[in-house]
Amino acid sequence: MALFRSGLLVLTTPLASLATRLAPILTSAARLVNDTLYVHLQPGMSLEGPAQPLSTPVQATFEVLDFISHFYAGANVHPHLDIRILLTNIRTKSAFLPPLASSVQNLAHPPEVVLTDFQTLDGSQYNPVKQQLERYATSCYSCCPQLTSVLLYPEYEHGELPVEVSLPSTIRPSSPVARSPKQPVRGYRRGAVGGTFDRLHNAHKVLLSVACVLAQEQLVVGVADKDLLKSKLLPELLQSYAERVEHLSEFLVDIKPSLAFDIIPLLDPYGPAGSDPSLEFLVVSEETYRGGMAVNRFRLENDLEELALFQIQLLHDLSHRENEEDKISSSSSRQRMLGNLLRPPYERFELPPGLYVIGLTGISGSGKSSVAQRLKGLGAYVIDCDQLGHRAYAPGGPAYQPVVQAFGTDILHKDGIINRKVLGSRVFGNKKHLKMLTDIVWPIIAMLAREEMELAVAEGKQVCVIEAAMLLEAGWQSMVHEVWTIVVPETEAIRRIRERDGLSEAAAQSRLQNQMSGQQLVDQSHVVLSTLWEPHVTQLQVEKAWALLQKRIAKKPY
């Protein structure tokens, strides 16, 4: 079990030998640290001897960049760890200076424990080495006053001798000249990198770390916003621009505080990389390399020099699931949020005791009814508010006479039944008439829903689901413990509405325009699901959400 929230891992083994030890070292560190793990590379440093060890520069070579990529890829098996490889002492050829500044670097999460892979001559963990480690850590970085030191060796060793390996090339400069592992990396004054940077993950960190190593004075970071987000998978679950910038800024300042960072919204595919004459390089991924080439063509067309392109290979996600990308990606992170509780449930002491109520909503065509039936199959009592509306409008129903009085007898069929198409034509597009109708009908449907809740209790049901397209617009969240929203892209919803109801595209779009958007619904939701994929994937989502719900109900009385 992890004992510390944050830690500093000082790695002293030469990189070629360290690569084979990396997995057990990370596993050992992950048992002690449960949140932020800073990593300081100081290959060849000794913690034995009377003199206090000093932080010395590590020359930036392609081997170092490949190791950083390899490290972040390996760290992905420990998702609870926020890994941050510190770059303060990693210098490019143009800025390689023998001594480092003696000032202590402030970290966003001061380490509570300092760990190392250093191996003592006799394999013991004796105090002088641990004291040297603590002095070294506190001379370089801000640490907690009561700093603990731990020598991870021999826990990670398993009795094997270190083996030198050549790391696979993961960083490719655009120059056709072959690169070698020991080849120094050139430094540049100013450069750029861009991305969505949603829920900052290890692949993002590789991209940003390489850019930080290359840049000596300033790094321009473009963060995708607005139109560039429309094509993203599950855009409703994207962090806000402000949240993404906040997390990005903290990470960048932690890993290289000597750099000036200019974080700006990226509103078109070119961004500042296409127009800023002072930029010298651009870091891209395999996926965005063509975009980088397009940026250079755009620059040439506008009489600007080409940027040096550095392409980063994608990091593979060995634990990806069905319908998820096989690379480490924010899209997969958002998919894994489906079914999870996103915010605390409401306290609803006025609801029937022993009954936990879910409000199920989503835009038209999102698949609410299919999800409601899946929940019914798992044991929920389902209240269909559309059916309650039909009951309310029926002759003799509680809404029949008030609606006829408000809108006239010409909304009736010959048999006296309310013609809902005629009624709809009266209210849609007319805010005054629409409010007249909803003021009559919504309270009545809410009353009928409460009566249905009592029936659910009588049947011994523990969970009740209120399926309602207008749940939030009507204010019915006051009747539920949690709001669950189904999301699909608007284009998919329009396709389904047209197929289901035989409407034109314009009519289907008009229907959606009269509803809250998926984003507005998600912003007020506790759980989000999506019916975008095959039915069995939807079923797995619903089963996951149901299982997590049962745990919540078991833990907390309602």
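P173 of strand β8 (171-173) stands opposite F310 in β13. The model is predicted, with local features requiring pLDDT of at least 70 and side-chain atom pairs pLDDT 80 or more, while totals for chains, interfaces and linings use all residues. Residues are numbered from 1 along each chain as its sequence is written, and side-chain values rest on heavy atoms, without hydrogens and water. Strands (E, at least two residues) and helices (H or I, at least four) are DSSP runs numbered from the N terminus.

Three bridges join β8 to β13 (residues 308-312) in an antiparallel arrangement; pairing requires at least two DSSP bridges between two strands. Both strands belong to an open sheet of six strands with mixed pairing, in the order β8-β13-β12-β9-β10-β11. Because β8 and β11 (260-266) each have a single partner strand, one side of each is left without a neighbour in the sheet. The twist averages 20 degrees from one strand to the next. Helix α4 (residues 202-214) packs on the sheet and makes an angle of about 150 degrees with β10 (215-224). Helix α5 (residues 241-255) touches β10 and β11, its direction making about 160 degrees with that of β11. Axes are lines fitted to C-alpha atoms, for helices over the stretch in contact (heavy atoms within 4.5 Å), and angles run from 0 to 180 degrees between N-to-C directions.

T116 lies in strand β6 (residues 113-116) and counts as buried because its relative accessibility is 0% (buried, under 20% relative accessible area; exposed, over 50%; partly exposed in between; 1.4 Å probe, protein chains only). The T116 side chain reaches the backbone oxygen of V10 at 2.8 Å.

Key
Polar contact = N/O pair within 3.5 Å; in protein donor to acceptor, adjacent residues only side chain to side chain.
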